Amino acid sequence: MIYATLAQLKAVIPISDLQLLTDFEGEDEPSDTRLEEALADASAEIDSYVGGLVSGLAELPRILSVHARDLAMHRLYLNLGHDMTSRDKVRGSIIAYLRQVQNGEASLGDDGTGQRVESTPGVAMTDGPERQMTRDRLRGY
C-alpha cells in the first residue's frame with residue numbers, strides 16, 4: 001500500500017531540493033521515477049510494521065502519509081551520501097512510533113470524525129443479589 005503520493009511529496013518539499021536529490025542526468029527537474037521509488041520503499045517499510053492494521057481502514061491516517069514522506073526523504077539523502085545525523089534521528093523516531101502502533105501502545109491517530117466515548121469519573125459501583133456462598137454458610141464443609 002502506498003501511503004504518500006508524488007503530489008503530496010512535491011507539495012511539502014521544494015522542487016529545487018527534490019531536483020538535487022534525484023536529477024542525476026542533468027535534466028533540471030526532479031526524477032518522478034526516483035521519487036516514486038523512494039515513496040514505494042518507504043511505504044513497504046511502514047507496511048512491515050503496521051500493514052495488517054491499516055489494510056481494513058477506509059481512509060488512511062494522515063500521520064502515515066507524513067511518515068512515508070519523511071522516510072522517502074531519508075532514503076533519498078542516504079543514496080547521495082549526505083550527513084545523516086538529523087535524518088537518522090527522524091527515522092528512528094518514526095520506527096519507534098510504528099513499533100508502538102504494532103504493539104498496541106500507540107494509535108494511528110484520530111481525525112476527530114469518530115464518535116467520542118465519554119467515561120464517568122469515580123469508582124465503578126455494582127449491585128447484585130446477596131451472596132449464596134459465604135464463610136458462615138460454608139462452615140463445617
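I took contact to mean heavy atoms within 4.5 Å. This is a predicted model, where local features need pLDDT of at least 70, side-chain atom pairs count only at pLDDT 80 or more, and totals for chains, interfaces and linings use all residues. Residues are numbered from 1 along each chain as its sequence is written, and side-chain values use heavy atoms, with hydrogens and water left out.

**Arg-137.** I looked here first. Arg-137 sits in the segment after H5 and, leaving out residues up to four places away in sequence, touches Glu-130, Arg-131 and Gln-132. Its side chain makes a polar contact with that of Glu-130 at 3.2 Å (N or O atoms within 3.5 Å, within protein one able to donate a hydrogen and the other to accept it, residues adjacent in sequence counting only if both atoms are side-chain atoms). Arg-137 is partly exposed because its relative accessibility is 44%; buried is under 20% relative accessible area, exposed over 50%, partly exposed in between, with a 1.4 Å probe and protein chains only.

**Overall fold.** I counted 5 helices and 0 strands (DSSP runs numbered from the N terminus: H or I of at least four residues for helices, E of at least two for strands). Of the 141 residues, 29% are buried. I also noted that 66% of the contacts with a separation of 6 or more join residues 24 or more positions apart.

**H4.** Gly-81 follows H4, with a positive phi near 80 degrees.

**Ser-43.** I found Ser-43 in helix H3. It counts as buried because its relative accessible area is 1%. A polar atom of the Ser-43 side chain lies 3.0 Å from the backbone nitrogen of Tyr-3. Neighbours within four places aside, Ser-43 contacts Met-1, Ile-2, Tyr-3, Ala-4 and Ala-68.

**Met-133.** Met-133 lies in the segment after helix H5 (85-102) and is exposed, at 60% relative accessible area.
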